[in-house]
Amino acid sequence: MYGFIVLATYTALMLAVTVCLSRRSKTTESFHVADRKLGMVRSAMSIAATWI
């Protein structure tokens with residue numbers, strides 16, 4: 001039963017964070033390109049993670 005409570009709490013927390021952060025993006029294009037504000041280091045890390 002304890003595992004179910006932890007899983008339900010984690011799911012609720014992830015949904016709340018998703019809803020809060022999704023309101024920041026005005027269009028789908030700004031969502032997909034992160035408003036072009038990532039910077040070189042974060043962009044490079046994202047590309048490297050994609051290659052792995």
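Select Val6 first. In this predicted model, Val6 has 42% relative accessibility, so the residue counts as partly exposed. The cut-offs explain the label: buried means under 20%, exposed means over 50%, and partly exposed lies in between.

Now widen the selection to residues 2–22. This is helix α1, where Val6 is found.

Move on to residues 40–51. This is helix α3, with 12 residues. From the first C-alpha to the last, α3 reaches 17 Å. That is close to the 16 Å expected at 1.5 Å a residue. Color α3 by accessibility. How many of its 12 residues are buried? The number is 0, so α3 lies largely in the open.

Zoom out to the protein chain and show the cartoon. Count 3 helices and 0 strands. Read along the sequence, the pattern is α-α-α. The radius of gyration is 16 Å, well over the 10 Å that the globule rule gives for 52 residues, so the chain is more spread out than a compact globule. Switch to the C-alpha trace. Along its principal axes, the trace spans about 45 × 30 × 15 Å.

Finish with the surface. The protein chain exposes about 5,200 Å². Carbon and sulfur atoms supply 70% of that area. What share of the 52 residues counts as buried? The figure is 2%.

Methods: Residues are numbered from 1 along each chain as its sequence is written. This is a predicted model: local features need pLDDT of at least 70, side-chain atom pairs count only at pLDDT 80 or more; totals for chains, interfaces and linings use all residues. Side-chain values use heavy atoms; hydrogens and water are left out. Helices (H or I, at least four residues) and strands (E, at least two) are DSSP runs, numbered from the N terminus. The expected span of a helix is 1.5 Å times one less than its number of residues. Buried means under 20% relative accessible area, exposed over 50%, partly exposed in between (1.4 Å probe, protein chains only). The radius of gyration is taken over C-alpha atoms; the globule rule is 2.2 Å times the number of residues to the power 0.38. Accessible areas come from the Shrake-Rupley method with a 1.4 Å probe; for residues, only the protein chains shown count as cover.
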